[in-house]
Amino acid sequence: MDLSNFDNLDSKEVFRWFSEMSKIPRESGHEKEISDFLVKFAKGRNLEVYQDKENNVIIKKKATSGYENVKPVIIQGHMDMVCEKTKESKHDFRKDPIELIVEGDILRANDTTLGGDDGIAVAMGLALLDSKDIPHPALEILVTTAEETGMDGASAITGEHLDGKTLINIDGEVEGVFLVSCAGGLNTLVDFDIKKEDNSNEALKIEVSGLKGGHSGIEINNQRANAIKVLGRVLYAVKNDINIACIEGGAKHNAIAKNADAVIVAKDIDKVKTAIETIANNIKAEYRVEDPDMKIVVSKADAVKECYTKEVSNNVIDFIMLSPDGVLYMSRDIEGLVQTSANNGILKEENNKLIFTISIRSSVSSSSNEIASRVEIAAARTNANCKRSSEYPAWEYDANSKVKDIALNAYKKITGKDAKIEAIHAGLECGILKKPLPDVDMISMGPDIWDVHTPKEHLSIASVDRMWKVLKELVINIK
């Protein structure tokens, strides 16, 4: 990326550090290299640094003159990113740098996720640490791992090396919206034992593609189609006439499934193909607004020697139909806020099992438990196993928060516009960090970033510049 594009921006150093980070692989679960990069950054500047066994990093910088008696401020984000790419891309997230592309005010990547979620937070933290002319209280830059796969990094934070009483999380994706509450959630893992039988029938392949997908929390209210659920409906329409040979769909538990496919076998292949094409046209018509590019393609497949037994095939199809998905309840307290949702995120065969991962979110813990129970009942009725994992708490609204007022004033001063205080139907690390840091006043913010968790992810350069100025104003005024 040509950094001369940012010469006239106050945030040039933010983009410089973002560019440097984009050269380093940082897929969730594989953050060691980027974590070590942060440690090296700190040691090169003689800053106090801690790296734990989860590769979380805390970097400390002493207060500037006049702020010696002010409690430290924690700046927080996560170093990992969702790694999604187009079908055509040959990008290897374990070794290849992200190719950054500037188009006017837009920064995007070449056929991959950008990593603005949440590389921009880390880049802002590094720019603060590297600055020589920004007055500030003592800073504690907290950068966590594995946020995108269950926030395991944040769950390992003990608070032992953190003294701050204000935390600014930079993981928001809408400029001018300051978040003060978030949903909690959990994953339900459902698995079927795959039992097979010999097959002599012809095979068909069903492919669901062209869906928009998106973040399963932030964009769940858009009512976009879930490819796994669409595939389930197609299979249910021909359930009595088919056996499944193989099936898969989705890529991430927190991304709405964009693709799903299955190979099926049947005695009367032409009858089944006609029935599938009919239901496919009906489903595409339903989603003509939300997912106008949806494709449901059915074609002849190579012969298969084995397929799922009829019992397993029927149970799998029934479970897909029974599994809750999408918006389930709206908030009674905050107008327009999704209270509870479910996302059928991943369907894959592994070690002779077919495994579903269903992500559940809610700002009400009892509601989250209800939906998890519904998944468990559906699993029991279809002879599958079910367990809960990666449970994380909601971040409850604090009416006495002081940082929210400082943030509103900072945004008004920088932009001349009024910001909003909102809650979000997505998990934020603030909810988890509240446990080891119960007395810390927290807020979450960020620049405009769109289509996160997809290869279309992009951000506004001007928005990053404005929110960088807001962050500096915030830090200066926390006293």
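Student: Let's start with Asn55: buried or exposed?
Tutor: Asn55 counts as buried, because its relative accessibility is 16% and the cut-off for buried is under 20%. Keep in mind that this is a predicted model.

Student: Okay, and where does Asn55 lie?
Tutor: In the loop between E1 and strand E2, which covers 57-61.

Student: What about the phi of Asn55?
Tutor: Phi is positive there, about 70°, although Asn55 is not a glycine.

Student: Which other residue has a positive phi although it is not a glycine?
Tutor: Ser390 is one of them, with a phi of about 50°. Ser390 lies in a strand, E19, made of residues 385-392.

Student: And how does Ser390 count by relative accessibility?
Tutor: As partly exposed, because the value for Ser390 is 27%.

Student: Switching to Asn46. Where does that one lie, and is it buried or exposed?
Tutor: Asn46 lies in the loop between helix H2 (32-44) and strand E1 (48-51). With a relative accessible area of 74%, Asn46 is exposed.

Student: What separates Asn46 and Lys60?
Tutor: Along the chain they are 14 residues apart, and their C-alpha atoms are separated by 9.8 Å.

Student: Let's zoom out. What does the secondary structure of the chain come to?
Tutor: Eleven helices and 23 strands. The radius of gyration is 24 Å, close to the 23 Å from the globule rule for 479 residues, so the chain is as compact as a globular protein of that length.

Student: What box do the C-alpha atoms fill?
Tutor: Roughly 80 × 45 × 40 Å, taken along the principal axes. And 57% of the 479 residues are buried.

Student: Now helices. At what angle do H2 and H3 cross?
Tutor: At roughly 10°, and their axes come within 11 Å. That angle is why H2 is roughly parallel to H3.

Student: Which residues meet there?
Tutor: From H2 you have Phe37, Leu38 and Phe41, and they meet Val122, Leu126, Leu129 and Asp130 in H3. By class, the contact of H2 with H3 has six nonpolar residues, no polar ones and one charged.

Student: Which residues does Thr112 touch?
Tutor: Leaving out residues up to four places away in sequence, it touches Glu84, Lys85, Ser89, His91, Phe93, Ile98, Thr454 and Pro455.

Student: Back to helices: how do H9 and H11 pack?
Tutor: H9 (residues 403-415) and H11 (residues 461-477) pack at an angle of about 130°, and their axes are 9 Å apart. That makes H9 oblique to H11. The crossing of H9 and H11 is right-handed.

Student: Which residues of H9 and H11 meet?
Tutor: H9 brings residues including Val403, Ile406, Ala407 and Tyr411, and those from H11 include Met467, Val470, Glu473 and Leu474. Sorted by class, the contact of H9 with H11 has nine nonpolar, two polar and four charged residues.

Student: Last pair: at what angle do H5 and H7 pack?
Tutor: About 130°, with the axes of H5 (residues 227-237) and H7 (residues 310-322) 9 Å apart. H5 is therefore oblique to H7, but this crossing is left-handed.

Student: Who makes the contact?
Tutor: On the H5 side it's Ile228, Lys229, Gly232, Arg233, Leu235 and Tyr236, and on the H7 side Ile317, Asp318, Ile320 and Met321. The contact of H5 with H7 has six nonpolar residues, one polar and three charged.

How values were computed. Residues are numbered from 1 along each chain as its sequence is written. This is a predicted model: local features need pLDDT of at least 70, side-chain atom pairs count only at pLDDT 80 or more; totals for chains, interfaces and linings use all residues. Side-chain values use heavy atoms; hydrogens and water are left out. Contact means heavy atoms within 4.5 Å. Axes are lines fitted to C-alpha atoms, for helices over the stretch in contact, and angles run from 0 to 180 degrees between N-to-C directions. Helices (H or I, at least four residues) and strands (E, at least two) are DSSP runs, numbered from the N terminus. Angles under 35 degrees count as roughly parallel, over 145 as roughly antiparallel, 65 to 115 as roughly perpendicular and the rest as oblique. A crossing is left-handed if the near helix is turned anticlockwise from the far one by less than a right angle, and right-handed if clockwise. Ala, Val, Leu, Ile, Met, Phe, Trp, Tyr, Cys and Pro count as nonpolar, Asp, Glu, Lys and Arg as charged, and the others, Gly among them, as polar. The radius of gyration is taken over C-alpha atoms; the globule rule is 2.2 Å times the number of residues to the power 0.38. Buried means under 20% relative accessible area, exposed over 50%, partly exposed in between (1.4 Å probe, protein chains only).
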